[in-house]
Amino acid sequence: MTTRHHTIRIQGLDVFYREAGDPANPTLVLLHGFPTSSAMFRNLLRDLADDYHLIAPDHIGFGRSAMPPVDEFDYGFEKLTEITLELLDTLGLDRFALYIQDYGAPIGLRIASRHPERITAIISQSGNAYMEGFTPFWDVLFAHAKDRRTNEPAVRELLEPDATRWQYTHGVPADRVDRLSPDTWTLDQAYLDRPGNKEVQLQLFWDYQFNLDGYPAFQEYFRAHRPPVLVTWGGNDEIFGPDGARAYARDLPDAEIHILDAGHFALETHGPEIAARIRDFLSRTLR
């Protein structure tokens, strides 16, 4: 199946998205994390396009979408959610499943908890919704949230090439290291190195603290609406730890939780296995 590439204007900004599959089939919306783009779903788009309609946008400030300066756009997860929802409305997508990873989780779960009637299922890959998921990796980011000036030098190190590469390589078992494409972190770093982008990322780092305020609403949504949930999470993820995956069972006892021998970007090393689990899960849960 061929992946199509589009750019559409939303609130006066270019929003890039990848599309695959027949729009007559059930839709799966893929929401990427930091520091990547919809490119992280390039193989999944191919693997699922025969039976599903897939939409994978780049968030504003990421990938091929617009990147207005920080003093001209309100970079925060509420605004990214608003843009994403308007994109889905513009595309006429009334009902869809969500695939959430990293930053995609607070965006997707805002949409789900506020519009539960539109959600058919949720797939979470390191898509945190519980305090248990946070690891020591976050210590400097939460310190930055309280005191930006003091902690910004340390946080800026997370935007440098070694840190970007580490996000892909950490936690990957030795027998799967050769599945990692260096193109992934090279592309991500090229986007991070654009003039003005690191200021965008620093603002989103700071804004992340407010996502935690939404966790009670996300968890209440799980309890009240019981969406079908599949969790495919890297057990060696040092950014969002596997306790964050297991926590889903507290509010969703029927959640299907799979802890993989993988790191933060599990699709890069376990893509075929994840695609097979998604296909099986959606074939049983979508009505």
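Analyst: Ser126 counts as buried, at 0% relative accessibility. The cut-off for buried is under 20% relative accessible area. This is a predicted model, and every value here is computed from it. Ser126 sits in the loop between S6 and H4. Its backbone is worth a look too: phi is positive, about 55°, although Ser126 is not a glycine.

Asn128 is buried, with a relative accessible area of 1%. What does Asn128 touch, not counting residues up to four places away in sequence? Its partners are Ala105, Leu109, Gly133, Phe134, Tyr215, Trp233, Phe240, Gly244 and Tyr248.

Tyr215 leads us to the next element. Helix H9 runs over residues 215–225, and its buried residues are Tyr215, Phe218, Gln219, Tyr221 and Phe222. Seen down the axis of H9, these buried residues fall within an arc of 150°, so they line one face of the helix. The face of H9 turned away from the buried side carries the exposed residues Pro216 and Ala224.

What covers the buried residues of H9? The cover includes helix H3 (104–114), strand S6 (119–124) and helix H11 (248–251). Now look back at the partners of Asn128. Ala105 and Leu109 are among them, and their numbers fall in the 104–114 range of H3. Tyr248 is another partner, and H11 spans 248–251. Just after H9 comes Arg226, with a positive phi of about 45°.

Next, a step away from the loop. Helix H8 covers residues 197–207 and holds Gln201. Gln201 is buried, with a relative accessible area of 0%. Gln201 touches Phe34, Gly61, Phe62, Leu159 and Leu192, not counting residues up to four places away in sequence.

Phe34 brings in another backbone detail. A cis peptide bond joins Phe34 and Pro35, with omega about 0°. Pro35 is in the loop between strand S3 (27–31) and helix H1 (42–48).

Gln11 lies in the loop between strand S1 (4–10) and strand S2 (13–20). Gln11 is partly exposed, with a relative accessible area of 35%, whereas Ser126 is buried.

Now the whole chain. There are 12 helices and 8 strands. The radius of gyration is 18 Å, close to the 19 Å that the globule rule gives for 287 residues, so the chain is as compact as a globular protein of that length. The C-alpha trace spans about 50 × 40 × 40 Å along its principal axes. How much of the chain is buried? Of the 287 residues, 59% count as buried. Among contacts with a separation of 6 or more, 76% come from residues 24 or more positions apart.

Terms used
Residues numbered from 1 in each chain as written. Predicted model: local features only at pLDDT ≥ 70, side-chain atom pairs only at ≥ 80, totals over all residues. Heavy atoms only, no water. Helix = DSSP H or I, 4+ residues; strand = E, 2+ residues; numbered from the N terminus. Rg over C-alpha atoms; globule rule 2.2 N^0.38 Å. Buried < 20%, exposed > 50% of the residue type's maximum accessible area, 1.4 Å probe, protein only. Contact = heavy atoms within 4.5 Å. Arc of directions from axis to C-beta.
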